[in-house]
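Reader: I have a structure open and want to learn how to read it. Can we start with the ligand?

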Amino acid sequence: MNLLKEKILKEGIVLEERILKVDHFVNQQIDIKILRYIGQAFAKGFKNQGITKILTIEASGIAFAIATAYEMDDLTVVFAKKDMTAFGSDDYHTEVYSFTKQRSYRVAIDKRFIEPGDKILIIDDFLAHGNAVLGLAELVKQAKASVVGVGIVIEKTFQNGKAKVEAAGYPVHSLARICSLKNNQVHFDE
Ligand code: G4P
């Protein structure tokens with residue numbers, strides 16, 4: 001079992017058989033040993049693919065994107081912003097529906113930060129229904145750049161995010177794959 005899965009079993013808290021709370025090392029506090037492990041694992045998983053930039057979304061994806069960038073020859077990290085008050089012709093933007101939060105929000109990136117031809121690695125903390133990742137991929141498309149792959153720290157395979165993202169043509173590499181949170185217990189796919 002890898003470091004990340006051990007940490008999930010030790011400190012993750014399951015809510016309503018559907019949500020995994022990981023505030024101890026993902027959403028509020030960062031464990032640097034786990035962070036380094038995650039950065040190294042993504043760098044290994046996506047090596048030699050000509051990636052030019054890493055893209056994530058605020059807030060929790062940022063730390064993992066940076067850890068990965070350190071391990072991939074100091075690639076630049078860009079993070080999409082949520083719910084900016086003014087969107088305009090200087091931004092690529094789209095709408096994302098969150099099943100977890102049951103609301104839509106807008107995501108945007110200033111056009112200066114993704115260039116046509118960029119080969120983008122998307123990194124995020126969770127993959128549930130895939131909407132956040134597909135929203136980011138839409139911004140990349142608007143910029144006439146391409147998504148090389150998607151790195152996910154924790155995937156909930158009992159929701160259908162990976163199938164949706166891969167059907168759109170983007171390979172997904174997840175470091176911990178959770179197949180069930182039934183009876184408030186974490187079960188991994190493998
Ligand atoms: P999707 O993007 O895969 O479709 O998932 P969804 O809309 O349902 O998720 C929206 C938000 O909820 C995302 O955070 C996502 O990381 C988070 N999330 C989904 N499932 C879980 C879970 O089981 N545990 C935790 N801790 N978070 C989950 P966000 O709105 O982007 O917020 P932030 O944490 O990055 O600030």
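Author: Start with polar contacts, pairs of N or O atoms within 3.5 Å; within protein, one must be able to donate a hydrogen and the other to accept it, and residues adjacent in sequence count only if both atoms are side-chain atoms. Here, a backbone N or O atom of His129 lies 2.9 Å from a ligand oxygen. This is a predicted model: local features need pLDDT of at least 70, side-chain atom pairs count only at pLDDT 80 or more, and totals for chains, interfaces and linings use all residues. Residues are numbered from 1 along each chain as its sequence is written, and side-chain values use heavy atoms, without hydrogens and water.

Reader: Which side chains have a polar atom 3.2 Å or 3.3 Å from a ligand oxygen?

Author: Ser98, with an N or O atom at 3.2 Å, and Asp125, at 3.3 Å.

Reader: How much of the ligand does the protein cover?

Author: Accessible areas come from the Shrake-Rupley method with a 1.4 Å probe; for residues, only the protein chains shown count as cover. The ligand on its own has 710 Å² of accessible area, and the protein covers 90% of that.

Reader: Which residues come nearest to the ligand?

Author: A residue is near if one of its heavy atoms lies within 4 Å. There are 22 residues around the ligand, and Leu20, Thr100, Gly130, Asn131 and Lys156 come nearest.

Reader: Which element gives the largest share of that shell?

Author: Elements are DSSP runs: helices (H or I, at least four residues) and strands (E, at least two), numbered from the N terminus. β7 gives the largest share, three residues.

Reader: How do I read a salt bridge?

Author: Side chains of opposite charge can pair when their charged atoms come close. The cut-off is a side-chain nitrogen of Lys or Arg within 4 Å of a carboxyl oxygen of Asp or Glu. This structure holds 10. One of them joins Lys53 and Glu115, at 3.6 Å from N to O. Lys53 is in strand β3 and Glu115 in the loop between β6 and β7, so the pair ties together parts 62 residues apart in sequence.

Reader: And backbone geometry?

Author: Most residues other than glycine have a negative phi, and most peptide bonds are trans. Glu58 and Ala59 are joined by a cis peptide bond, with omega about 5 degrees. Asp74 has a positive phi, near 60 degrees. Asp74 sits in the loop between α4 and β4.
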